[in-house]
Amino acid sequence: MRKRLVSMAAGLAFTGLSQVVLANGWNMPVGVTDVSREIHSLHMIIFWICVVIGVVVFGAMFYSLFRYRRSQGAKATQFHEHTTVEIIWTIIPLLILVGMAVPATATLKNMYDASEADLDVMVTGQQWRWRYEYMGEEVSFLSNLATPRAQIDGSDAKDDTYLLEVDEPLVLPTGRKVRLLLTSDDVIHSWWVPDLAVKQDAVPGFVNENWVRINEPGIYRGQCAELCGRNHGFMPVVVKAVEPEQFDTWLAQRKEAAAQEAMGVDREWSREELMERGEQVYGTICASCHQPDGSGNPPAFPALAGNQTLMDDRERHIDTVVNGVSGSAMPAFRSTLNPVEVAAVITYERNAWGNETGDVIQPSAIAEQLSD
Amino acid sequence: MASHLPPKPTAQYEETAGGGLAAGAPHAPRGMMRWLLTTNHKEIGTLYLIFSLTMFFIGGIFAMVIRAELFQPGLQLVQPEFFNQMTTMHGLIMVFGAVMPAFVGLANWMVPLQIGAPDMALPRLNNFSFWLLPVAFLMLLSTLVMPGGAPDFGWTFYAPLSTTYAPPSTTFFIFSLHLAGISSILGAINIIATILNLRAPGMRMMDMPLFVWTWLITAFLLIAVMPVLAGVITMMLLDINFGTSFFNAAGGGDPVLFQHLFWFFGHPEVYIMILPAFGIVSVIIPTFARKRLFGYASMVYATASIAILSFLVWAHHMFVVGLPLVAELFFMYSTMLIAVPTGVKVFNWITTLFRGSISFEPPMLFALAFVVLFTIGGFSGLMLAISPADFQYHDTYFVVAHFHYVLVPGAVFAIMAGVYYWLPKWTGHYPHLRLSQWHFWLSVIGVNLTFFPMHFAGLAGMPRRIPDYALQFADFNMVTSLGAFLFGASQLLFVAVVILCIRGGEKAPARAWEGGEDLEWSVPSPAPLHTFETPPDFKPQQH
């Protein structure tokens, strides 16, 4: 009777413990795609196989340690070889491994089949943000960390989505097969959303392929998974999955807005307009390296405030922003920013933090330069 | 093989005894010069071990900085760029400065003693190999005070983060790694020459203690892969300073090529850090089970199989880099295969315990903890080998948990087991029992508190190498940090044990452990400066 009680209690404790350990937040998420479910079940199968092997192996070990203690007068029995046993414990693990490899191979094949996608999205990693481009739709935007500085340095309370919030999430339709094409403008990044079970490196000079078909609408959060420099920890990925109809409306709106922006290039912009827009662009794009007050972080990231070389040479300033500086961390922004943004940010840099050059750069001038 | 032994070397110096002190020999240099010029395998072994312990503490301080910053979410103590320098330097110092030199130090001390050789085969080369290391690591550490800071791209230094986007100090990092690599290659050549040529008459290869066997195989691995490391860092050097584009996509180069080259070195490298550990555990467990090692021959074959397989699995570190499907499958299968010889080793250790007569002296405690905790690291390794699942595990704290389990309670515990096992032979005294036990238990608790929660943090989605994290990872990180502080502080006990043991303690006889059967237990404790000047009378056990 006592024995049964003990074994029942042990059983309950074990189930309780495994409930806690396997609960959400402790274990790999099941996720919201068929692939993520498959991977989760593979993970659990291997995990339990390891648990069983562990119980057997450690059981035998602790039995021996307890049973054959010298302090209890154990005498050693001399034997040191047994070919049959040795062959058996080579073969059995081999069979277990084959058993694991079969479902793993099937899942992997499925993951590698990115054919017949309904939508292509180009994902470009940049220090330290993501750029999303809906291929063939003329819609693209940057996605930056939206957690305020004050939360990071501890002067404000941290909210629930601390470090996992962006200014513009990647919006994807549910139920459609979305092909992700990943590359990078600078160093290697890795785009990862645990709930989608997609982790793929974004490598400069390569275009990698992965795909996702999301089953449930929702907001799914992840992070850059490959060390990519100073702000590697501050480069979240947020995916907003919406119903297909909602997605189509959203995409149409974005297309419209992009067209509007393109028209803005031709008109004359006032200094105030450019400064306002420039400050916003600077804050999302430039401040992570050159700092919000333009003080930079030399030697890798030069100061812009009081940078006489740049302030004396307006053409060089424009060239630096548009074409980058090869061999340094300064990327070319010609494909990332539109002419309005380039003009605005250069105007801002030339008139902020005591750089009083008084220059106003018009988007039309930049557009002309870009088309050369 | 015994018939090809070289002639017995003639003694060229005064014979002195007493724990490696050459005092009294009029022509022997004294003070600093003695250590600078020594060609004695025991003195060089001691130098390696002291160097390794120093690096263990420096790398440990870096780890404490990392854990202090990660104690809570938010940036409190350091800036991200310094955090990245800390993770990078912690890894580099621990791998190249602490673990590898510790094994070379143990090999220097124990390989000649275990095979009945008077010294290493190439004593002057031995001196040179050691003294390269302090130079290399002083240079590496000096990058911390250079403009732009120390290397900040992780110990795996993936290009182009480590080339185009690297701090100016990277060139110094490359040079120091070159020096450390030369040191390793020369050390490996010396060990191979010693084992193949200087065994006691009558000792066949299959009579050698497993520590000797595992080191022989490790030395071949070192010679095979250190040149690959040298090649890849030279390509980096050219990219950084001479305008080439090996890894620069804008110039037609290939960042993924870097990873192939690095891991072709890197995966055998991780076995370089674990095979000698297998050897140490394989000599300690039989001693304290008072029973011969079970499956000696299969242990040797398993070690060799692991070494050979280590050349065929490198791309399992690159499952999400965009490999073609066939490559994913090949590297998944080959990686899973490693579980077979590794399993054989674990089964052999446990069968050695079975029906033995087991006692639990400090070296045995560490060896047993090694078997259990290394196996846990093996399980997570098996999980990581499953390529589809690795798409979730990759570059998360699950990986950090995995490799710390095989490196800390794996390699480091085995080194400590070896130190406790051979301290009586080195110093003539037993280590203080109570302190050793305290050191062991605090280390075991600390190491598990540190690294076990990392599994959960990783599975829940925490990427590695981040200085700040989302709130759902806060509890795991707090436990990990507390565990790390406990583990770090406990290592001060280890230093206390070693210092006390050098200065005094219970006297040890030649055969310090009752079950010790190998040749080192036939020379007095402490071992005189020169041993086996006449080859010992070796009687092989029936394997």
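**View 1. Val283(B) sits in helix α8 (residues 275-289) of chain B.** Helices here are DSSP runs of H or I with at least four residues, strands are E runs of at least two, and both are numbered from the N terminus. This is a predicted model, where local features need pLDDT of at least 70, side-chain atom pairs count only at pLDDT 80 or more, and totals for chains, interfaces and linings use all residues. Residues are numbered from 1 along each chain as its sequence is written, while chains are lettered from A and ligands numbered from 1 in the order in which they are written. Val283(B) is buried because 26 other C-beta atoms lie within 10 Å. The cut-off for "buried" is 20 or more such atoms within 10 Å, with 12 or fewer counting as exposed and anything in between as partly exposed; C-beta atoms are placed from the backbone. Leaving out residues up to four places away in sequence, Val283(B) touches Pro209(B), Leu210(B), Phe211(B) and Asp518(B). Touching, or being in contact, is having C-beta atoms, placed from the backbone, within 7 Å. Gly418(B) is 135 residues from Val283(B) in sequence, yet their C-alpha atoms are 9.2 Å apart.

**View 2. Chain B is built with 16 helices and zero strands.** Its C-alpha atoms fill a box of roughly 65 × 55 × 45 Å along the principal axes. For 543 residues, a compact globule would have a radius of gyration near 24 Å, and the 23 Å of chain B agrees with that. That radius is taken over C-alpha atoms, and the globule rule is 2.2 Å times the number of residues to the power 0.38. Of those 543 residues, 64% count as buried. Among contacts in chain B with a separation of 6 or more, 82% come from residues 24 or more positions apart. An unreviewed UniProt entry lists "domain: Cytochrome oxidase subunit I profile" over residues 29-539 of chain B. UniProt positions follow the numbering used here, feature names are shortened, and annotations may be inferred rather than shown by experiment. Over residues 29-539, chain B is 68% helix and 0% strand, with end C-alpha atoms 38 Å apart.

**View 3. Helix α16 (residues 474-503) of chain B runs for 30 residues.** From first C-alpha to last, α16(B) reaches 45 Å, close to the 44 Å expected at 1.5 Å a residue. That expected span is 1.5 Å times one less than the number of residues. The buried residues of α16(B) include Phe476(B), Thr480(B), Gly483(B), Phe487(B), Phe494(B) and Cys501(B). What covers them includes α2 (41-69), α14 (397-427) and α15 (433-459) of chain B. After α16(B) comes Gly505(B), with a positive phi near 125°.

**View 4. Around α16(B), a few backbone spots stand out.** In the loop between α15 and α16 of chain B you'll find Arg465(B), which has a positive phi of about 60° although it is not a glycine. Arg465(B) is buried, with 22 other C-beta atoms within 10 Å. Phe532(B), in the segment after α16 of chain B, is another residue other than glycine with a positive phi, near 55°. With 21 other C-beta atoms within 10 Å, Phe532(B) is buried too. Pro526(B) is also in the segment after α16 of chain B, and the peptide bond from Ser525(B) to Pro526(B) is cis, with omega near -10°.

**View 5. Strand β10 (residues 236-242) of chain A pairs with β9(A) and β4(A).** Strands pair if DSSP finds at least two bridges between them. Six bridges join β9(A) to β10(A) in an antiparallel run, with Tyr220(A) partnered by Val239(A). β4 (residues 170-173) of chain A pairs with β10(A) in the parallel sense over four bridges, and Val171(A) stands opposite Lys240(A). Five of the seven residues of β10(A) are buried, so the strand is largely enclosed by the rest of the structure.

**View 6. Chains A and B meet through 80 residues of chain A and 81 of chain B.** On the chain A side, elements giving two or more residues are α2 (34-67), α3 (83-111), β7 (198-202) and β9 (218-224). The most come from α3(A), with 14 residues.

Note on methods. Two residues are in contact if their C-beta atoms, placed from the backbone, lie within 7 Å.
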